[in-house]
Amino acid sequence: MGKEVRAKKHLGQHFLKDETIAEKIGDTLSLEGYKNVLEIGPGMGVLTKYLIKKNIEVIAMDLDTESIAYLEENYPDKNLKILEADFLKYDISQLFGEEQFAITGNFPYNISTQIVFKLLDWKEQIPEFTGMFQKEVAERICEKEGSKAYGILSVLAQAFYDAEYLFTVPPSVFNPPPKVDSGVLRLRRKENYTLPCDEKMLYKVVKTAFQQRRKTLRNSLKSFNLSDKIKEDAIFGKRPEQLSVTQFIALTQKLETDAI
């Protein structure tokens, strides 16, 4: 193997060095309904080596030139394509054409929530998404209503995907060790993920409500110019964290008809 890659703080890099956990993350993919996988932030390939053993096409994408060079030298596999790129800026349609694909990875903590928002933009092509986040972010994505951690990310991810928190990973298995625990999750796209309301409107309602999460919806959603009649609906007496994903969708439908 070539010279080890140095973890770079500005890229939020913490390299996983535990083989058992790497293999376990690789096994979080069901491989149902797709044969392509995008790995984000492969670093020195600890997870990559388990992905390429499976009967799938893998693209490993990293921003770090040094990591890319290391992967090219050490993983000359036929079913692996190595790409130096920034996932957040990359045009995903260049990856696998129109084919379905899954995303996995030990995600850099500093961009992990943005990765989820980009996943939602491309959900038509991404039936499954697994990987490692900072523990509290992973928990937040999977959280149900009624909890303080439940928020924008929970509602929007779960509107289209079933979210499952799988297991916790301690700091000691990374180099350098992060200051917090990590958590691995799996998102599986719902069989029917088309919404009965306008998607942009749902985003707007959820974001507006949670920006003032202590207020009741009657107060936080004032900018929607609610009619007096709709304000009488009991749902407007609730705070956003009390609403399930289904209720947020129903609320958006109500607001749509109220505006007509």
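Q: What should I know before I start?
A: It's a predicted model, so local features need pLDDT of at least 70 and side-chain atom pairs count only at pLDDT 80 or more, while totals for chains, interfaces and linings use all residues. Residues are numbered from 1 along each chain as its sequence is written, and side-chain values use heavy atoms, with hydrogens and water left out.

Q: Which residues does the UniProt annotation "binding site" cover?
A: UniProt positions are in the numbering used here, feature names are shortened, and annotations may be inferred rather than shown by experiment. The unreviewed entry lists His14, Leu16, Gly41, Asp62, Asp86 and Asn106.

Q: Is His14 buried, partly exposed or exposed?
A: Buried means under 20% relative accessible area, exposed over 50%, partly exposed in between (1.4 Å probe, protein chains only). His14 comes out partly exposed, because its relative accessible area is 26%.

Q: What is Lys54 in contact with, beyond its neighbours within four places in sequence?
A: Contact means heavy atoms within 4.5 Å. On that basis Lys54 meets Gly26, Asp27, Leu31 and Asn79. Lys54 is also buried, since its relative accessible area is 18%.

Q: Which residues does Asp86 touch, not counting those up to four places away in sequence?
A: Those are Met61 and Leu63. Separately, the Asp86 side chain reaches the backbone nitrogen of Leu88 at 3.0 Å; a polar contact is a pair of N or O atoms within 3.5 Å, and within protein one must be able to donate a hydrogen and the other to accept it, with residues adjacent in sequence counting only if both atoms are side-chain atoms.
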